[in-house]
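Thanks for coming. I have one structure to show today, and I will go through it piece by piece.

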Amino acid sequence: MRARKYRLEKTTMIVIAFTLLIAMTAATDWHGAPITNVDACDVIGNGWKQLDPAVSHSCYFFSGKEKTNEKAEGRCVIKGGQYGGHLVQINSQEENQMIANEINETHWIGARSVSGSWKWFGSDDEVTYNNWASDEPNDHNKDEDCVQIYSNGLWNDQRCNKHLRYICEANLEHYLGCFVDRQNPNRDLTLSLGFSQQRTPDECRLKCYDSGYIYAGLQWSKTCWCSNTFGKHGPAPESECNIPCTGDASLKCGGYFRNAIYTTGLYL
Ligand SMILES: [Ca+2]
Ligand SMILES: [Ca+2]
């Protein structure tokens, strides 16, 4: 009985979410207005989410499964794909607190001992900020080279082969790929900033960021498009986004009816 009720509620939620999605998509098509409640981290995949953008622009993934530290890092790399996923790197008290607020049990984080010093997976940066519990790290039995965070935010060095849940982090400020565009009124992106002889990806990204958009699309060497959605006509081969930019011929700025899509770094 209970299981049946849960299933009904879940179905209802899916229907509501789907209806909202349709309504949002329709609103964009009709008015060209930006969608305001996109979680940009969705592009990485299922379960990735932004937390507080005032603290970090990263995307985070909280696992449901328990893995050894090495397997957990491997899962983060696979799940993060082109967005550079690793076990989470915590750089501040604010980020540590934000993460602790999300968990009810202990998880792996990305610090580990390398030749006697603590380093982060991925960046290989030295661990500068830390939040060790009292009397930790104690390297119990000289066998604790990995790090877990408790739900209260404190850290402990732990045996790497223990099975724990884990937290991944990835970064979206990245090239997303080459995508098909179509003629009016079937443009993929929302707002055209027109032609420029100074066009570069960073220049376009900044303008779109300033205009309040999360994606920037560069097209045909000189056009910059801004949008909060992209991809309705599907991806294109990378070789079709290879026209040099007007502002810097060493960089590529899309192709003929092909957008090279970037994130702007803005999170709505
Ligand atoms: Ca981080
Ligand atoms: Ca310990």
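Predicted model: local features only at pLDDT ≥ 70, side-chain atom pairs only at ≥ 80, totals over all residues.

The secondary structure of the protein comes to four helices and 12 strands. The protein has 268 residues, and buried residues make up 34% of them. Now take the contacts between residues at least 6 apart in sequence: 65% of these join residues at least 24 apart.

Next, the open sheet. Which strands form it, and in what order? Five strands do, in the order S8-S12-S10-S11-S9, with antiparallel pairing. Strand S8, residues 175-180, and strand S9, residues 191-195, stand at the edges, and each has a single partner strand, so one side of each is left without a neighbour in the sheet. On average, neighbouring strands here are turned by 25° against each other, direction ignored.

Look at one pair in this sheet. S8 and strand S12, which covers residues 258-263, are paired antiparallel over five bridges. Within that pairing, Val-180 is opposite Arg-258 in S12. Helix H4, residues 201-210, lies across S9, strand S10 (215-219), strand S11 (223-227) and S12, and its direction is at about 140° to S10.

Cys-241 is in the loop between S11 and S12. Is Cys-241 buried or exposed? It counts as buried, because it has 23 C-beta neighbours inside 10 Å, and the cut-off for buried is 20 or more. Leaving out residues up to four places away in sequence, Cys-241 touches Cys-178, Ala-236, Lys-252, Gly-254, Gly-255, Arg-258 and Ala-260. Cys-241 and Gln-219 are 22 residues apart in sequence, while their C-alpha atoms are 7.9 Å apart in space.

Compare a residue in another loop. Ala-54 is found between helix H1 (2-31) and strand S1 (59-62). Ala-54 has 9 C-beta neighbours inside 10 Å and therefore counts as exposed. From Ala-54 to Glu-94 is 40 residues in sequence and 9.7 Å in space, C-alpha to C-alpha.

In soluble globular proteins, nonpolar side chains tend to be buried together. In this model the largest nonpolar core has 50 residues, and those touching the most other members are Leu-87, Val-88, Ile-109, Ile-167, Cys-168 and Ala-216. Strand S7 gives the most to this core, with four residues.

Take Val-88 as an example. Not counting residues up to four places away in sequence, Val-88 touches Tyr-60, Ile-99, Ile-109, Gly-110, Ile-167, Cys-168 and Glu-169.

Ile-99 also belongs to helix H3, residues 93-100, whose buried residues are Glu-95, Asn-96 and Ile-99. These three cover an arc of only 100° around the axis, which means they are on the same side of H3. Strand S5 and strand S7 (165-170) are among the elements that cover the buried residues of H3.

That brings us to S5, residues 146-149. In a regular strand the side chains alternate between the two faces of the sheet. Here Cys-146 and Gln-148 point one way, Val-147 and Ile-149 point the other way, and all are buried. S5 runs antiparallel to strand S3 (residues 107-114), and four bridges join them. In that pairing, His-107 has Ile-149 as its bridge partner. S5 also pairs with strand S6 (residues 155-158), again antiparallel, over four bridges. Cys-146 is opposite Gln-158 in S6. S5 and S6 form a hairpin with five residues between them, and Gly-153 in the turn has a positive phi of about 95°.

Most residues other than glycine have a negative phi, and most peptide bonds are trans. In the loop between strand S4 (117-120) and S5 we find Pro-137, which is joined to Glu-136 by a cis peptide bond with omega about 0°. Asn-141 is in the loop between S4 and S5, and its phi is positive, near 55°. Lys-142 is found in the loop between S4 and S5 too, with a positive phi of about 50°. Asn-141 counts as exposed because it has 7 C-beta neighbours inside 10 Å; Lys-142 has 6 and therefore counts as exposed.

A cis bond also joins Asn-184 and Pro-185, with omega about 5°. Pro-185 lies in the loop between S8 and S9.

Notes: Residues numbered from 1 in each chain as written. Chains lettered and ligands numbered in written order. Pairing = 2+ DSSP bridges. Helix = DSSP H or I, 4+ residues; strand = E, 2+ residues; numbered from the N terminus. Axes fitted to C-alpha atoms, helices over the stretch in contact; angles between N-to-C directions. Contact = placed C-beta atoms within 7 Å. Buried ≥ 20, exposed ≤ 12 C-beta atoms within 10 Å, placed from the backbone. Arc of directions from axis to C-beta. Core = buried A, V, L, I, M, F, W, Y, C linked by C-beta atoms within 7 Å.
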